[in-house]
Amino acid sequence: MTTSNPIQIILNENKTNRPMVDIDIIKSPMKYEILDLLKHNEMNFEEIVENTSKSKASVSMHLRDLREEGIVNYKADPSDNRKKIFFLNADYLGSVDSNNIKKTHKNQTKLLIDKFIENGEIEYVVLLTHTFKSLLMEFGMDISPVLQKIGNYIGDYLFNQLYDEDLDIFMDNISSYWQKNHLGKIYFELDNNIKITCIDCFESVQVPKSGVPICNLEKGMFETLFNRFFKFDLNIEEIMCYSMGDEKCVYELRP
């Protein structure tokens, strides 16, 4: 059996006794084979052995490991209490195939985002990103770095549209773009640092309060826009956010 390793699965908090949702990476071909069987059907021990063509001792050892991790569970066979029926106690997140990764163009994600924005579909990009963000947050996954990277890609494309060598005009262009595309109302304050205020922020104005800043997509956009304008890297931090109970989102950029 050809496997695509490692696979990622996520423990379902509704099925396990674990207090938190965890992500497990499975690299064993034998464990992958067992999980692939149980992904489609519940099976008793003899059926698993028959379908893997492995020894009973080997299957038993791997099933024990998977049970201890909370990934697989079992119940009594109603037709024979001496037998156990095994079932998957977790959800697949997906698999990672190193061969496919090598074939993927390193700039493919950026090219796709550029195409959407070029066609005037930035609202679609934002909606799609938030959909995945919400889905993964249900599993307890934090994808903040990924969102900020996507924001960097968007900012890189927008820079060519919004750039002006006059900083005031450049910031006016950003404000106009945000408002035109329903991303929020932007205000700038210049001192030793740059402070950016966003009212009705598209990323957080309607989300439940979590106590932490969550506008990583917008943060990445501002980061790239101003890094490219000044031609050096700035540190950006979101110091206020709707998700923190604030009535606006505020970012601070400093050298």
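Me: Which helix has 13 residues, and how far does this helix reach from its first C-alpha to its last?

Reply: Helix α3 (residues 56-68) has 13 residues and reaches 18 Å from its first C-alpha to its last, close to the 18 Å expected at 1.5 Å a residue. The expected span is 1.5 Å times one less than the number of residues. Helices (H or I, at least four residues) and strands (E, at least two) are DSSP runs, numbered from the N terminus. The model is predicted: local features need pLDDT of at least 70, side-chain atom pairs count only at pLDDT 80 or more, and totals for chains, interfaces and linings use all residues. Residues are numbered from 1 along each chain as its sequence is written, and side-chain values use heavy atoms, with hydrogens and water left out.

Me: Which residues of α3 are buried?

Reply: Buried means under 20% relative accessible area, exposed over 50%, and partly exposed in between (1.4 Å probe, protein chains only). In α3, the buried residues are Val59, His62, Leu63 and Leu66. Seen down the axis of α3, they fall within an arc of 105 degrees, so they line one face of the helix. That arc is taken from the directions from the helix axis to the C-beta atoms. On the face turned away from the buried side, α3 carries the exposed residues Ala57 and Glu68.

Me: What do the buried residues of α3 pack against?

Reply: Contact means heavy atoms within 4.5 Å. The buried residues of α3 pack against α1 (29-40), α2 (45-52), β4 (72-77) and β5 (80-88). Just after α3, Gly70 takes a positive phi of about 80 degrees.

Me: In what order do the three strands of the open sheet stand?

Reply: Two strands pair if DSSP finds at least two bridges between them. The order here is β3-β5-β4, with antiparallel pairing. At the edges stand β3 (43-44) and β4, each with a single partner strand, so one side of each is left without a neighbour in the sheet. Two bridges join β3 and β5 in the antiparallel sense, and the bridge partner of Asn44 in β5 is Ile85. Helix α3 packs on this sheet, touching β4 and β5, and its direction makes about 110 degrees with that of β4. For such angles, axes are lines fitted to C-alpha atoms, for helices over the stretch in contact, and values run from 0 to 180 degrees between N-to-C directions.

Me: How is the open sheet of four strands arranged?

Reply: Its order is β7-β8-β10-β9, and the pairing is antiparallel. The edge strands, β7 (185-190) and β9 (235-240), each pair on one side only. From one strand to the next, the twist averages 20 degrees. Strand β9 is joined to β10 (residues 249-254) by five bridges; Ile236 has Leu253 as its bridge partner in β10. Helix α8 (residues 167-180) packs on the sheet, touching β7 and β8 (194-199), and its direction makes about 155 degrees with that of β7.

Me: How many salt bridges does the structure hold?

Reply: Side chains of opposite charge can pair when their charged atoms come close. A salt bridge is a side-chain nitrogen of Lys or Arg within 4 Å of a carboxyl oxygen of Asp or Glu. The structure holds seven salt bridges. One of them joins Glu252 to Arg254, with the closest N and O atoms 3.0 Å apart. Glu252 is buried at 19%, whereas Arg254 is partly exposed at 27%. Elsewhere, salt bridges that share partners join Lys31, Arg64 and Asp65 into one network.
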